[in-house]
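Biologist: I would like a close look at one residue, and then at what lies around it and beyond. Please take it step by step and keep it plain.

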Amino acid sequence: LELEWCRELVQAQIPFTTVVRPGHPLRVVPAAADQHDADLILVGNRGVGSATTLGLGRTSLRLLRHSGRPVLVAPEPGVGSHHLPLRRILVAVDDSPAADQAIQVVAGFATAFGSAITILRALDADTARSPDDTAPTPRVGDHLPAMARLLSDQGVAVQTLIRRGDPVDVVRAAATSLDPDLVAVGARACRHPRSSHLGHVSRSV
């Protein structure tokens, strides 16, 4: 079974270790990730269970909610397969620590795959208005340029985009127009087992 599950890794001569443990995936997967100090958790997605409206299966959604490590959810075979390799990455950011973590994660992808990164900042109409409540004006401070410099200093091709509007709509529109191979967003993890907390943008995109 190991060779069947990991056929592509064997063919690519990528070192790997298989671990089989009894228990619920929501306990077993984070525990294994902690034991191996994983930089990324990758899970497949069947889009079934309690989160069909989000296009996410129950396990993948809960891992996104509760994991303290970055989680990458891969679609079923045949869905989005034309997007590999990772040539273009779109990362949506705000001023939160979760956004900084997303930048760190995609920086690793970009240096490994030679990807170009677009950093997208969405400005809500309410938060983007000038003090006299007239026309909206951008307010991004130094955070966005600092993120771009961090990537550029690592030799990553990077561009920044600022768009006004609802963040979910802005990210979806950018993903459609730019056709990135990966869309990354930061999300605050929540440890409470009954909590449904996952950032609104993370859930909706």
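Biologist: Is Asp37 buried or exposed, and at what relative accessibility?

Modeller: Asp37 counts as exposed, at 54% relative accessibility. Bear in mind that this is a predicted model. The backbone at Asp37 has a positive phi of about 50°, although Asp37 is not a glycine. Asp37 sits in the loop that runs between helix 3 and strand 1 (41-44).

Gln13, in the loop between helix 2 (7-11) and helix 3, has a positive phi of about 55° and is not a glycine. Gln13 is exposed, with a relative accessible area of 71%.

Now to helix 3 itself. Helix 3 covers residues 25-35 and packs with helix 4, residues 58-66, at an angle of about 50° and with the axes 10 Å apart. An angle of that size makes helix 3 and helix 4 oblique to each other, and the crossing is right-handed. On the helix 3 side the contact uses Pro25, Leu26, Val29 and Pro30, which meet Thr59, Arg62 and Leu63 of helix 4.

Helix 4 also holds Ser60. With a relative accessible area of 4%, Ser60 is buried, because buried here means under 20%. Apart from neighbours within four places in sequence, Ser60 is in contact with Val43, Gly44, Asn45 and Val73. Val73 is 13 residues away from Ser60 along the chain, and the C-alpha atoms of the two are separated by 6.7 Å.

To place these pieces, step back to the whole chain. The protein chain has 8 helices and 6 strands, and from the N terminus on they run α-α-α-β-α-β-β-α-β-α-β-α-β-α. Of its 205 residues, 31% count as buried. Among contacts between residues at least 6 apart in sequence, 66% join residues at least 24 apart.

The crossing of helix 5 and helix 6 is right-handed. Helix 5 brings Ala99, Asp100, Ile103, Gln104 and Ala107 to the contact, and helix 6 brings His143, Met147, Leu150 and Leu151.

Helix 6 spans residues 143-153, and Leu144, Met147, Ala148 and Leu151 are buried in it. Viewed down the helix axis, the buried residues fall within an arc of 95°, so they line one face of helix 6. As a general point, an α-helix has 3.6 residues a turn, so residues three or four places apart point the same way. The face of helix 6 turned away from the buried side carries the exposed residues Arg149 and Asp153. The cover over the buried residues of helix 6 includes strand 3 (88-93), helix 5 (97-113), strand 4 (116-123) and strand 5 (158-164). Just after helix 6, Gly155 takes a positive phi of about 80°.

Take Ile103 as an example: leaving out residues up to four places away in sequence, Ile103 touches Val91, Val93, Ile119, Met147, Leu150 and Leu151.

Ser115 lies in the loop between helix 5 and strand 4. Although Asp37, also in a loop, counts as exposed, Ser115 is buried, with a relative accessible area of 3%. Setting aside residues up to four places away in sequence, Ser115 touches Leu86, Arg87, Ile89, Phe109, Ala110, Val156 and Ala157.

Key:
Residues are numbered from 1 along each chain as its sequence is written. This is a predicted model: local features need pLDDT of at least 70, side-chain atom pairs count only at pLDDT 80 or more; totals for chains, interfaces and linings use all residues. Side-chain values use heavy atoms; hydrogens and water are left out. Buried means under 20% relative accessible area, exposed over 50%, partly exposed in between (1.4 Å probe, protein chains only). Helices (H or I, at least four residues) and strands (E, at least two) are DSSP runs, numbered from the N terminus. The arc is that of the directions from the helix axis to the C-beta atoms. Contact means heavy atoms within 4.5 Å. A crossing is left-handed if the near helix is turned anticlockwise from the far one by less than a right angle, and right-handed if clockwise. Axes are lines fitted to C-alpha atoms, for helices over the stretch in contact, and angles run from 0 to 180 degrees between N-to-C directions. Angles under 35 degrees count as roughly parallel, over 145 as roughly antiparallel, 65 to 115 as roughly perpendicular and the rest as oblique.
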